[in-house]
Amino acid sequence: MKIRPLRFLSLFTLSLLYAVPSSLFAQEVPSYLRDRGPGIQTSIFGTCVTRGELLVSPFVEYYADHNFEYKPAELGYGLEQDFRGKYRATEGLLFLGYGVTDRLAIEVEAAVIKATLTKSPKDPSPMPAKLSQSGQGDMQMQLDYLLSKESATRPAVFSYFEVDFPSNRRKLLIGSTGYELIAGAGLTRGFRWGTVTGRASFSHGDGKTEFGEWAFEYLKRVSSRWRVYAGVEGTQDELELNLQAQWHINDRVYVRLNNGFGLTSKTVDLAPDLGIVFSLGGR
């Protein structure tokens with residue numbers, strides 16, 4: 001299976017650059033919404049969706065890790081022991097988000113992926129020296145609900161519920177064997193110097209419930225065309241720094257360039273991704 005998401009993304013971006021006129025930030029919004037605009041917070045960093053608006057975002061992501069932790073038994077090779085190998089993967093994804101009401105939005109995300117794991121020299125299991133798999137990646141659905149809208153004196157309060165579906169049960173390097181349920185909530189507040197967000201969640205999968213992902217995020221509109229983002233995300237033993245630049249071609253199209261940096265040994269070292277976001281309807 002050949003994955004060429006970058007070629008598709010390049011052609012799609014170029015066509016939009018010539019086809020869509022620019023009328024960026026034509027709407028007046030309160031000062032506390034200046035960085036992100038109105039709407040419901042989505043799982044795409046610094047991106048909101050309004051009632052009746054459809055967001056379409058194809059993007060491609062690359063993963064590189066020199067000390068990827070794996071257990072041969074979890075990949076179908078019997079040995080219940082942790083090792084560290086070299087991991088590389090390229091993933092093409094498509095995100096759809098729709099504002100159902102002023103407070104409720106729905107998201108769907110699907111992926112294809114090609115991944116390679118180079119076996120640790122200390123691993124005596126029958127796993128191949130280089131394990132490569134490709135096919136369908138993660139598929140997830142999320143509901144976003146705005147509990148309380150932001151005002152000049154109080155932050156926005158939002159919640160979300162995510163379902164990750166099983167996929168590729170026979171390709172355990174890229175697949176997942178069961179469902180994972182995630183429920184979370186957070187606060188967002190806009191200031192003159194930028195917009196800050198904090199969120200946290202609980203997850204349920206493999207018969208256990210535990211504290212899930214948490215994050216602290218910062219978003220700043222630095223000009224009519226550019227926004228910058230910085231965020232720290234973590235789970236129990238993983239910590240990642242994300243830095244992103246957004247180029248807003250107009251009020252309906254923007255390009256985003258993001259890079260994730262692993263801050264702990266169990267986090268992927270580098271995870272750059274490039275995507276484009278299209279807004280249809282709404283506003």
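Q: Where does aspartate 164 sit?
A: Aspartate 164 is in strand β7, residues 156-165. Strands are DSSP runs of E with at least two residues, helices are runs of H or I with at least four, and both are numbered from the N terminus. The model is predicted, so local features need pLDDT of at least 70 and side-chain atom pairs count only at pLDDT 80 or more, while totals for chains, interfaces and linings use all residues. Residues are numbered from 1 along each chain as its sequence is written, and side-chain values use heavy atoms, with hydrogens and water left out.

Q: How do you know that aspartate 164 has no salt bridge?
A: The nearest side chain of opposite charge is arginine 199, 12 Å away. A salt bridge needs a side-chain nitrogen of Lys or Arg within 4 Å of a carboxyl oxygen of Asp or Glu. In the count of charges, Lys and Arg are positive and Asp and Glu negative; His and the chain ends are not counted. Aspartate 164 is therefore buried yet without a salt bridge.

Q: What is aspartate 164 in contact with, leaving aside neighbours within four places in sequence?
A: Its contacts are Met139, Gln140, Gly178, Tyr179, Glu180 and Ile182. Contact means heavy atoms within 4.5 Å.

Q: What makes glutamate 233 and arginine 199 a salt bridge?
A: Their side chains meet at 2.8 Å, N to O. Glutamate 233 lies in strand β11 (residues 226-234) and arginine 199 in strand β9 (residues 194-205), so the pair ties together parts 34 residues apart in sequence.

Q: How many salt bridges does the structure hold?
A: It holds 11. One of them joins glutamate 150 and arginine 36, at 2.3 Å, N to O. This pair links distant parts of the chain, 114 residues apart. Glutamate 150 is in the loop between β6 (130-148) and β7, and arginine 36 is in the loop between α1 (5-19) and β1 (40-41). Both residues are buried.

Q: What makes lysine 266 and glutamate 69 a salt bridge?
A: The closest N and O atoms are 3.7 Å apart. Lysine 266 lies in the loop between β13 (253-262) and β14 (270-281), and glutamate 69 in strand β3, so the pair ties together parts 197 residues apart in sequence.

Q: Why are lysine 266 and glutamate 69 called partly exposed?
A: Lysine 266 has a relative accessible area of 34%, so it is partly exposed. Glutamate 69 has 31%, so it is partly exposed as well.

Q: Which residues have the most contacts inside the largest nonpolar core?
A: They are Ile40, Val49, Leu55, Phe95 and Leu146, in a core of 16 residues. The elements giving two or more residues to this core are β3 (53-70), β4, β5 and β7. The largest share, 3 residues, comes from β7. A second, separate core has 15 residues, including Tyr70, Ala89, Ile113 and Ala271. A nonpolar core is a set of buried Ala, Val, Leu, Ile, Met, Phe, Trp, Tyr and Cys residues joined through side-chain atoms within 4.5 Å.

Q: What makes up the nonpolar patch on the surface?
A: Leu54, Leu94, Leu96, Tyr98, Val100 and Leu280 form it, with about 470 Å² of accessible area together. Patch members have over 30% relative accessible area and no salt bridge; nonpolar side chains (Val, Leu, Ile, Met, Phe, Trp, Tyr) are joined within 5 Å, like charges within 9 Å. Areas come from the Shrake-Rupley method with a 1.4 Å probe; for residues, only the protein chains shown count as cover. Strand β4 (residues 83-99) gives the largest share, 3 residues.

Conventions: Buried < 20%, exposed > 50% of the residue type's maximum accessible area, 1.4 Å probe, protein only.
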